Amino acid sequence: GYKTNIAFRDYLAYYERGDIAQRIIDAPAQSTWRRKAVISNDKDPQTFTEFETAWAALVQKRRVFHYLERADRLTGIGQYGLLLIGTDDVRTMQDMSKPMVRLKKGIDSILYLTPFHEGSAEVASLNSDPSSQRFGLPESYQLKVMGSGVSSAASAVMPGTGISSTLTVHASRVIHIAEGLREDDIYGMPRLKAVYN
């Protein structure tokens, strides 16, 4: 009587209504991100390089670890999750489907971070060029943007998104997160799959 094909909506329903399921998904993420990671690109802990200074400013300004922990939890529900990086090179919603350009103002060009789970972030197209380093990886995504689920900064960049809209986003604008990978680098193992029955 067990389901043979478990869909994302089944995992999401268990996560939202099941105390044990929620703990299985949340505990690893909360434990991982409880202590802030130390990012360094030199061996001297007393001096701060330009990169380390910029990273510390970004962490402070955009609450990076808060969003990484949320993205980690959402990733655990399904086969993957995304962290959308909103930048100031976007003027219209159509610009989101174009590759991200070099950010002229450094970390100040990063306006917001928004996590998505698999149910709100569908892989729209894959790179089919066998000579590309990204062969077989996502080229673009279709994101379901909810009015209440997107940050105020994102709403400012994407006016008129209303209650719900679909947005095509280029892969360079997101961080794709998947764990328990097996035969490919896109679809991982949901944390609830082994214990679902």
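Strands here are DSSP runs of E with at least two residues, and helices are runs of H or I with at least four, numbered from the N terminus. The model is predicted: local features need pLDDT of at least 70, side-chain atom pairs count only at pLDDT 80 or more, and totals for chains, interfaces and linings use all residues. Residues are numbered from 1 along each chain as its sequence is written, and side-chain values use heavy atoms, with hydrogens and water left out.

β1 and β2 (residues 110-117) are antiparallel and share seven bridges. Gly81 faces His117 of β2. β1 also runs antiparallel to β6 (residues 174-177), joined by four bridges. There, Leu83 stands opposite Ile175. Two strands count as paired if DSSP finds at least two bridges between them.

## The open sheet

The order is β2-β1-β6, an open sheet of three strands with antiparallel pairing. β2 and β6 are its edge strands, each pairing on one side only. Neighbouring strands are turned by 15° against each other on average, direction ignored. The axes are lines fitted to C-alpha atoms, for helices over the stretch in contact, with angles from 0 to 180 degrees between N-to-C directions.

Why is β1 largely enclosed by the rest of the structure? Seven of the seven residues of β1 (residues 81-87) are buried, so the strand is largely enclosed. Buried means under 20% relative accessible area, exposed over 50%, and partly exposed in between (1.4 Å probe, protein chains only). Both faces are covered. Gly81, Leu83, Ile85 and Thr87 lie on one side, and Leu82, Leu84 and Gly86 on the other.

## Nonpolar cores

A nonpolar core is a set of buried Ala, Val, Leu, Ile, Met, Phe, Trp, Tyr and Cys residues joined through side-chain atoms within 4.5 Å. The largest has 18 residues; Leu82, Leu84, Met96, Tyr141, Leu143 and Val169 touch the most other members. β1, β2, β3 (121-126), β4 (138-146) and β5 (164-170) each give two or more residues to this core. β4 gives the most, with three.

Met96 touches Leu84, Val90, Tyr112, Leu167, Thr168, Val169, His170 and Arg173, leaving out residues up to four places away in sequence. Contact here means heavy atoms within 4.5 Å. A second, separate core has eleven residues, among them Val64, Phe65, Leu68 and Ile110.

## A positive phi at Arg63

Arg63 sits in the loop between α3 (50-62) and α4 (64-77). Its phi is positive, about 50°, although Arg63 is not a glycine. Most residues other than glycine have a negative phi. Arg63 is partly exposed, at 46% relative accessible area.
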